[in-house]
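Let's go through a few labels in this model and ask what backs each one up.

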Amino acid sequence: MNTFQLKIIASNKVFFDGDAQSLVIPHVDMGYKGFLANHENCVLPIDEGEMKITDANGKEIYAFVGNGFLEFLDNTATLVCVSAELPEEIDARRAQEAKIRAEEELRQEHSRLEYYHSKANLARAMERLKLKNKHNI
């Protein structure tokens, strides 16, 4: 199968750097967006959620990905994001605590900016827990 070069850079590490057969990422407006070799050139924002990479050997890698953007140019995809974590790297207790904190912040009356910040924190925590539970790790 045809491959493309994929590099995923999180704020604290290079998560993936190699050839891939496919990439599926959470898109801000369209739910999920998939990429194969020789995809048209584009730049698009990504939302937090589950990401799926099929590497050059056909191995499927599932991971949580935070907000960021992806550039696909000349059969090379570069994804820059806030965070990228494998299911086994997600601390379920910490994610559950973040969820509880965000829910409490949403119940309090704050400025509109603080409301949206709390809402984003809640979404991020819930996506981490969903991925952790889905893969039973």
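Q: Which residues does Leu23 touch, not counting residues up to four places away in sequence?

A: The list runs Phe4, Leu6, Lys33, Gly34, Phe35, Met51, Lys52, Ile53, Leu70 and Leu79, with contact meaning heavy atoms within 4.5 Å. A word on the ground rules: this is a predicted model, where local features need pLDDT of at least 70 and side-chain atom pairs count only at pLDDT 80 or more, while totals for chains, interfaces and linings use all residues. Residues are numbered from 1 along each chain as its sequence is written, and side-chain values use heavy atoms, with hydrogens and water left out.

Q: Why is Leu23 called buried?

A: Buried means under 20% relative accessible area, exposed over 50% and partly exposed in between (1.4 Å probe, protein chains only). Leu23 has 0%, so it counts as buried. Its place is in strand β2, strands being DSSP runs of E with at least two residues and helices runs of H or I with at least four, numbered from the N terminus. As for Met51, it is 28 residues from Leu23 in sequence and 7.5 Å from it in space, C-alpha to C-alpha.

Q: What makes His27 buried?

A: His27 has 9% relative accessibility, so it gets the buried label. His27 also sits in β2, which covers residues 14-27. Leaving aside neighbours within four places in sequence, His27 is in contact with Tyr32, Lys33, Leu44, Pro45 and Asp47.

Q: How far is the backbone nitrogen of Asp29 from a polar atom of the side chain of His27?

A: The two are 3.0 Å apart. A polar contact is a pair of N or O atoms within 3.5 Å; within protein, one must be able to donate a hydrogen and the other to accept it, and residues adjacent in sequence count only if both atoms are side-chain atoms.

Q: What makes β4 and β7 a pair?

A: Two strands pair if DSSP finds at least two bridges between them. β4 and β7 (residues 68-73) have five, in the antiparallel sense, and Pro45 stands opposite Phe69 in β7.
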